[in-house]
Every structure is written in structure tokens, then in C-alpha cells.
Amino acid sequence: MIDRRSLLAAALSATLPAAGGMPLLSPVPAGAAEEFRIGYQKNGILVVAKQQGVIEERLARLGHSVRWVEFSFGPPLLEALSLGGVDFGQTGDAPPIFAQAAGANLVYAAAQEAGGSGAGILLPAGSKIESLRDLKGRRVAFAKASSAHNLTLAALEKAGLTYADIEPVTLAPADAAAAFSRGSIDAWTIWDPYFAIAEVQPGARVLVRSTDIARPNNFFLANRGTAETKPIVLAEVIDALAGVARWCEANRGEVAAILSKGTGVPLPATRRAVDRTDYVIGPMSPAAAVEQQRIADRFHAAGLIPRPIRVADAVWTLPSRNG
């Protein structure tokens, strides 16, 4: 977990005056605030932070306003991030790998380890599938370049199958939900809150949960230019979110109520999703980087990204006072 003093000491020290000197950051005139744009999905810590206004409060001290931009899932969010349409956002494990392989202008700013544990592979009513090996030759739906894409690949690997053994059906979550309800796909790999909603549909079954395969991580990503030019602002955002995460861990009932109200997802489904989420935010640990590299190598071996990547090249660290 990020500690405020250890995370921000170096960055904030750069803003303090030398003895008898003037601050390096001048007050920002009213109406001249710079905008910090956050891409978010209708789930998780960022939704809670948006409702609580904690990031706005922090960044106002640094002369920045906050604008929230909603996305349906990770890949389009990271496309906007790379192009400079947003400065910061959260996704699961696969989107930044595909983005980095495509030359995206982004960095890993922080991690929510095991934060993607609310996911799984669902079977529609009437399915005869009993094991992962039974997915061979079946139509398996997931969002391309999403964490569900990785979970599908990892599940096949565990069963001794390859990507070529299934018929991939790449659909955005809303389209996949409709296909699942119609029974036009054989299995659906998906994350919360979609997972929490669909798993209780009449006749639906959970083939496997993500925690049976791995403990998927979520990540907070930043535009590389933003990270390089506004490290203090970025550090404040991450530190504020670490505080929100601690609050979420201690107040799960309130988190579920906030998310249900904000997303329209029924409270019982939201509560299931909240109860299986680890709300802890910290720096990108060596273990998280190693696991992310393993996933990148898996995608490259399957021919799903055009070139090998080195995850470490995209890991941001807070610069020291001396640079």
C-alpha cells in the first residue's frame, strides 16, 4: 500500500522553497486551472473516488481541475490515453500489453494487485460443457485485448488447449451479454459487474473463476507525457486513490451502494462484485511486473501481439528530488 510520506516526499520536496526562498510552484490565478482528465469504467475504485471528490480536492491545491471520461472497457480507454485524450485511467492486465505492443505512449503508474479477481468463464443455460477441455471447438466470447482475453488464454493453457482449439468470438461486454442471453455462444469470459449480473441468470453456470486460474491484477496507467511533466500531480492522484482503497476495504457495504447507484447494476450483484475485490493500491511491484511480462509473453507466443515487449520499459517510478 502506498504510504503518503514515502510516495510523495521526493516529489513534494521539489515544490518547497529553499531556506528563505520562494516556492517553485506559483499560485494559479482563479479560472486558470489546468485540466487533469481521468478515464474510468463504471466499476471499481475510480467510481468511488469520483463520487467522493477526493481527487478534485487534492488537485485543486496544485491548480488543476478534474474531468471524468467514461469508457465501456479497457482498450478504447488506453487508445485515448495514448493519444492524449485522457491523462490517467485504470484497466485490467491485458489492455496495456496490447497498447504497449502497438507503441502506445503510456506508463504503469500503480497497481491494484489481485484487483481483477471478480471474473470468470460462464456457461449459458442448457450447456453440456463440464470442464475446460470441453471448450475445444466451442464459440468462446470475450472482449479483444481485455483482461477476459488473457483469462481465456490462461484457462486454455491450464487445460492443455491452445487458442487454435476454440472459436474466438470477440465482442464488447454489452454485445456479449446479449449473445449469452440468446445462447448463441458456448461460453463467455467476463469481469465484474457483468460477471456478477450474468452468473445468476436462470440456468447459467460458472465453469471457472479467475481465482482458479490466477490472481489477475488491475493497473493504473498514465500518459507518458503527463507522467514526465506532472509527476507531482500524478503522485497526488495515486496517493488519493490509495486512501480511497483503504476506505473501500473498511466500508464494503457503502461501496456497493455507491457503485449500484452510479451504475444501475442491482445492489445484490454489486455486493457480490465488491465482496470479491481486493481494494489495495500500491506501486508497481517486481512481482506484478514479472506476472505482467509473463502475460505479454503468452500473447506473443499465441501470435496475438505483433512483437515481443518489455513491460519494465513502461513502468513509471516517482523521480527523486535530484532527478
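Biologist: Is R182 buried or exposed?

Modeller: This is a predicted model, in which local features need pLDDT of at least 70 and side-chain atom pairs count only at pLDDT 80 or more, while totals for chains, interfaces and linings use all residues. Residues are numbered from 1 along each chain as its sequence is written, and side-chain values use heavy atoms, with hydrogens and water left out. Buried means under 20% relative accessible area, exposed over 50% and partly exposed in between, with a 1.4 Å probe and protein chains only. R182 has a relative accessible area of 59%, so R182 is exposed.

Biologist: How many helices and strands are there in the protein chain?

Modeller: Both are DSSP runs numbered from the N terminus, helices being H or I with at least four residues and strands E with at least two. R182, for instance, has its place in helix α7, residues 173–182. For the protein chain the count is 14 helices and 10 strands.

Biologist: How is P75 placed, and which residues is P75 in contact with, leaving aside its neighbours within four places in sequence?

Modeller: P75 lies in helix α4, residues 74–83, and is partly exposed because its relative accessible area is 21%. Although P75 and S147 are 72 residues apart in sequence, their C-alpha atoms are 9.8 Å apart in space. Contact means heavy atoms within 4.5 Å, and, with neighbours within four places in sequence left aside, the contacts of P75 are P95, K144, A145 and S146.

Biologist: Which residues is N150 in contact with, apart from its neighbours within four places in sequence?

Modeller: N150 lies in helix α6, and at 5% relative accessibility N150 counts as buried. Beyond those sequence neighbours, N150 is in contact with D93, A94, I295, R298 and F299.

Biologist: How are α5 and α14 oriented to each other?

Modeller: The axes of helix α5, residues 94–101, and helix α14, residues 286–301, come within 10 Å and cross at roughly 60°. Axes here are lines fitted to C-alpha atoms, for helices over the stretch in contact, with angles from 0 to 180 degrees between N-to-C directions. Angles under 35 degrees count as roughly parallel, over 145 as roughly antiparallel, 65 to 115 as roughly perpendicular and the rest as oblique. The two helices, α5 and α14, are therefore oblique.

Biologist: Which residues of α5 and α14 make the contact?

Modeller: From α5 come A94, P96, I97 and F98, and from α14 come Q292, I295, A296 and F299.

Biologist: Is S210 buried or exposed?

Modeller: S210 lies in helix α9, residues 210–213. At 1% relative accessibility, S210 counts as buried.
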